[in-house]
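Me: I have a structure open and want to learn to read it. Can we go feature by feature?

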There are 4 protein chains.
Amino acid sequence: MIAVVKKSATPEQLDHFISWIEGRGYKTNVSKGDNETIVGIIGDTTQIDPFLLESMDIIERVQRVSEPFKKANRKFHPEDTVVDCGHGIKIGGGNFQVMAGPCSVEGDNLFRIARAVKAAGATMLRGGAYKPRTSPYSYQGMGERGLDLLMEAGGELDMPVVTEVMDPRDVQLFLDKGVDVMQIGARNAQNFPLLKEVGKTKTPVLLKRGMSGTIDELLMAAEYIMSEGNPNVILCERGIRTFETRTRNTFDVNAIPVVHHLSHLPIVGDPSHATGYTRYVRPAAYAATAAGADGLEIEVHDHPSEAWSDGAQALTPSQFADAMKRIALIREAITADLNDGETSGTTLGEGTTKVTKVGA
Amino acid sequence: MIAVVKKSATPEQLDHFISWIEGRGYKTNVSKGDNETIVGIIGDTTQIDPFLLESMDIIERVQRVSEPFKKANRKFHPEDTVVDCGHGIKIGGGNFQVMAGPCSVEGDNLFRIARAVKAAGATMLRGGAYKPRTSPYSYQGMGERGLDLLMEAGGELDMPVVTEVMDPRDVQLFLDKGVDVMQIGARNAQNFPLLKEVGKTKTPVLLKRGMSGTIDELLMAAEYIMSEGNPNVILCERGIRTFETRTRNTFDVNAIPVVHHLSHLPIVGDPSHATGYTRYVRPAAYAATAAGADGLEIEVHDHPSEAWSDGAQALTPSQFADAMKRIALIREAITADLNDGETSGTTLGEGTTKVTKVGA
Amino acid sequence: MIAVVKKSATPEQLDHFISWIEGRGYKTNVSKGDNETIVGIIGDTTQIDPFLLESMDIIERVQRVSEPFKKANRKFHPEDTVVDCGHGIKIGGGNFQVMAGPCSVEGDNLFRIARAVKAAGATMLRGGAYKPRTSPYSYQGMGERGLDLLMEAGGELDMPVVTEVMDPRDVQLFLDKGVDVMQIGARNAQNFPLLKEVGKTKTPVLLKRGMSGTIDELLMAAEYIMSEGNPNVILCERGIRTFETRTRNTFDVNAIPVVHHLSHLPIVGDPSHATGYTRYVRPAAYAATAAGADGLEIEVHDHPSEAWSDGAQALTPSQFADAMKRIALIREAITADLNDGETSGTTLGEGTTKVTKVGA
Amino acid sequence: MIAVVKKSATPEQLDHFISWIEGRGYKTNVSKGDNETIVGIIGDTTQIDPFLLESMDIIERVQRVSEPFKKANRKFHPEDTVVDCGHGIKIGGGNFQVMAGPCSVEGDNLFRIARAVKAAGATMLRGGAYKPRTSPYSYQGMGERGLDLLMEAGGELDMPVVTEVMDPRDVQLFLDKGVDVMQIGARNAQNFPLLKEVGKTKTPVLLKRGMSGTIDELLMAAEYIMSEGNPNVILCERGIRTFETRTRNTFDVNAIPVVHHLSHLPIVGDPSHATGYTRYVRPAAYAATAAGADGLEIEVHDHPSEAWSDGAQALTPSQFADAMKRIALIREAITADLNDGETSGTTLGEGTTKVTKVGA
């Protein structure tokens, strides 16, 4: 962390500031320029609030030079994290997985959809039992009965189940039902009590980026979960909010290689929410795969126009089946060893991937 | 709500769509243009998910023509809502209130700060006992002990206390302690379980806009609280996230008159979070007042550089005292009857304010 | 276009409004709901300013239902446009091209770089002679001498040259030099005199999206060029400005399929500007290709740290060569006929592509 | 400027980097932490492209610590700049001016509107002769004939005329006509040839912030004009583009005190474009005034629904007259000497304003 001290500061004020910093256990390094003096603050600065320093009269500006996250930081954990989701399915470190299923669990059609996505190559089953809806008048999900249906379908098809938890009071129920992966939705990306609650378990967490969350905030949210003791975090880019209105969100595909650079955690793409329209889901899924995502989460429904929520962004099973073949070809394209002296797998993080397993 | 039907739709497809809509209890109106056909959907369309309609093959686009919120809508409730915060303090409908105090409760200095802000004209005491912090390594607040100190200070000074609740499991504790106004922070603007929980009480709620929340989403969050039975909602504009980095957030001062146009609920401005720097807090406070806000929430601290959180944006008591005088003058400027045939109070909502009470 | 009329409007006011609209040559359709009346306005509404209608007392809101662009609209021109860039290179309609070269022309190393990119499979040469720089103190480009070097290199290697024009007074010089494709940069995305000037020529234009330009505004800028008589417009997605700071811009990869849906014009991706960091250029290039882009524009430099501008985002020739192989594989993945009854090429526009030619 | 060097850099690489920097005439200061080394680069770093340094293998990150603008920087020019607009009207340094008039010049009604705004207290006349319109099919302005009408009205009423120039080829015409203040619109905020062209004159320039322009970019655009020799720059905040759609733009009222902090140049607010709806123009005008703006630019029209462009955001003359009285009261509120030992005028820049002149 560096603090830029104003030219107008007196030597006494500067000394006082340096003593104050050093009194908190940090070392300092002072560099005087013509128009300002820079004080380098050396040590574990994750504990310092930069806004606090900026409130001091003599301080012009404070800038972090190192990331405020530690457990999620690739610098301190260079190897890719591989998260074991159960049923033999691992994600990260070259293991690519596709989670598919309906937006909301509606009833027995879940089994039909689940069989279709499994047949097409999906390795994990997604579906919502508790739905965060912008309107209190919209359908809010089947609740516990939805969880039961999901676990039954996951058991029948030997697929781990991914489903969203919205309320810290529900976490124990999710554990009791045996949910394989608990999803934290975009609206709860900074719901700290919920993050802490899932952090107290060992169940893998699929953590979605907030609608206006920076990549650093996504990693700080992961840090909340990890600092409570749960290292099994899978990140998810699902689109951010911008001024563009032709799609529901703007898919920040750059976030995929940026996360691979900054963190060892796996990251998947969610092309359904990132676009909001069926007709754009496949191009976005291909883009996420090509950018090096460790997996995808895709909504599939057999009669989209009857879906109880978000039907507008679901693929049909046959669209999904076609997409899965192209996704596999794209994975090959970016991970192939081209046998010409160039290192392969260059879209991925700094820990180069040697082996890629699509699915189990 | 209107649905734009593609030119390529056959008459049979159009008929089928209209039957489907009418089968759900809506009336329709069909308007054929050269390049598309528009179907007006008449009735209570808050129940329809526009994304669902857009998923249908023959639909080009769906647009709402009426707001998706009802209880918060000025159309159905033209009179300004006045929220009674206790201790004789009302907000809205011409009653302007200033909530001031430290960002975090730190200990006995709370009493000193509270006396200072009361002396300067603040009518409500704000302070955080539970703090939502981006980093798990940052100070998280005093918790229950902080609530006790706040209630003691509020009692001593006869001021309603405003303080943030982050976890639905804490709502009962806040009720037990007698907190006058429960604040929902920006990060919980779409934490629906929390919104529902405070909605089940009658305690006034200060509801902050989310960092990337639209004004419509702010009103939908209010709708969540109101639809559970609690009509006492005070909205708060506290800055949104944009590309600008010279301030912590971008203060969307337009939101104040827009909310007054769309809703009957009071709205206050939070210039501390909206700027993030002490030096910009006063101009932003004046701007919010001039734009017609029903009140302000301002952080005040007697030794900002010792504050445990967000000290960078606190005013000193003397800065606050100066500001309060100018704020009162600005209130007068915008509400004065200029005696010249022009209607006064034109910055406020469509229900023109006749009487303005600054403070109690 | 529809106008939502307030409930408070009298029948006389509504009649007056309808007469006013019809007096301008439009037909109307009136649909009365419980809370508002909707007036459909039928005819060529590209001439109506919706903000003007919204200024009327009785109007609640105005919404377009059809796009404000015509010549660039796929509805009125369903077939993909193929732009002939000279030297036998066509782009669009299944023809995929890669434009590569240095950010700025610096001197003779241009020839070395041009040979390298051609050897790796690039089919067009890009390079800047006139550079738009945020700071007046930054290097502004070689100017006319740079154009001469580019044209010499393009001639020697039989590649069309793409280079940016910033000033309407320079367009004639670009024509005189024989520049093959004139690029309009993001900062000039709404520089209407410049758009009109290039619109008066027949030279292909590579039109970049503005930093905060919507997709509709990009298409309206194309409309400016086309309405002057030049149909040869190639669009370019190069990243938009958002709150995220870990990359220089946010690459809106969704824009690629959205443009294919709305327009018949080709669109290329610029992963260099869309990321700003060499380490993210390749993943972004793969993502753009996978999303169905008609081509790429990539900065390549043999000694990036000596480049005079934007060196931070250039690939080395060997990185570029590796990338080109993977790009070709990704093109195959998304356009392959999978021989299973599913339509191929589904990532592209509604006019399905049968044949894909990578390069000439 | 500081460069953060990766932990993985060898001592030789670090030495090589330091030599490279020092070879360019800068001094360095090296600070070694546990996880990275920070190299402070001391000297005039406005010449260094931070992206270039970041392209080097051993560099983790580069951050500016001083602003990239010099002539516009308050640090090097502490006193407020006062711009003389002619006709005895000065702006900045405590002189507050209101520019009012129609969006577009339409004909003789200009004189009627001009007389009305002057009667209400406006001191400068604004009106558009050349209009930047998103659609090529929208009205583009009267051109030279419009300039003549404006100059005639300005002469008759003894008011300086502010009008937009869009094309560098038109600057000479504006000089020949004697335009008092040349406006650069938001869409041309980074049109560098145009900025340079007006920079070669001595005519005051009203420079609008770009729709997605940061405050730093606004000041860099001013720097372009000033570096060509024209110091007479008036900045204008007119709203930025965000995700909010209930207003045309988001009025970044924070920008006013931020500009006063960073720069000595005057800044005015444009509440008409910042909101886009007549009903919000007055609250936004009051907010800008309260935040310390040096003036306002407001659209006024006597029959808004007949205006040829942007009529939706114009005030009527009587609305404007009411607003002017409140604006004067707000100016008093923020600049009053409250006689209590507190410094007055605290919303303004660091050079405290002693005397405030509203109007001439």
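Me: How much area do chain A and chain C bury between them?

Reply: Buried area is the accessible area (1.4 Å probe) that two parts lose on being put together, summed over both. Chain A and chain C bury about 4300 Å² between them, and 61% of that lies on carbon and sulfur atoms. On the chain A side, A:Phe243, A:Arg246 and A:Arg326 lose the most area to chain C. Together they make up 17% of what that side buries. One caution: this is a predicted model, where local features need pLDDT of at least 70 and side-chain atom pairs count only at pLDDT 80 or more, while totals for chains, interfaces and linings use all residues. Side-chain values use heavy atoms, leaving out hydrogens and water, residues are numbered from 1 along each chain as its sequence is written, and chains are lettered from A and ligands numbered from 1 in the order in which they are written.

Me: How many residues does each chain bring to the contact?

Reply: Contact means heavy atoms within 4.5 Å. Chain A gives 55 residues and chain C gives 55 residues.

Me: How many salt bridges cross this interface?

Reply: A salt bridge is a side-chain nitrogen of Lys or Arg within 4 Å of a carboxyl oxygen of Asp or Glu. The rule finds four between chain A and chain C. Take the one that links C:Asp216 with A:Arg246: the closest N and O atoms are 2.7 Å apart.

Me: Which elements of chain A touch chain C?

Reply: Helices (H or I, at least four residues) and strands (E, at least two) are DSSP runs, numbered from the N terminus. Helices H7 (215-227), H8 (255-262), H9 (271-275), H10 (278-290) and H11 (317-335) of chain A each give two or more residues to that side. H11(A) supplies the largest share, 10 residues.

Me: Now another spot. Is D:Arg209 buried or exposed?

Reply: Buried means under 20% relative accessible area, exposed over 50%, partly exposed in between (1.4 Å probe, protein chains only). D:Arg209 counts as buried because its relative accessibility is 1%. Look for D:Arg209 in the loop between strand S11 (205-208) and helix H7 (215-227) of chain D.

Me: What does the side chain of D:Arg209 make polar contacts with?

Reply: A polar contact is a pair of N or O atoms within 3.5 Å; within protein, one must be able to donate a hydrogen and the other to accept it, and residues adjacent in sequence count only if both atoms are side-chain atoms. One partner is the side chain of D:Glu237, at 2.6 Å. Another is the side chain of B:Glu244, at 2.9 Å.
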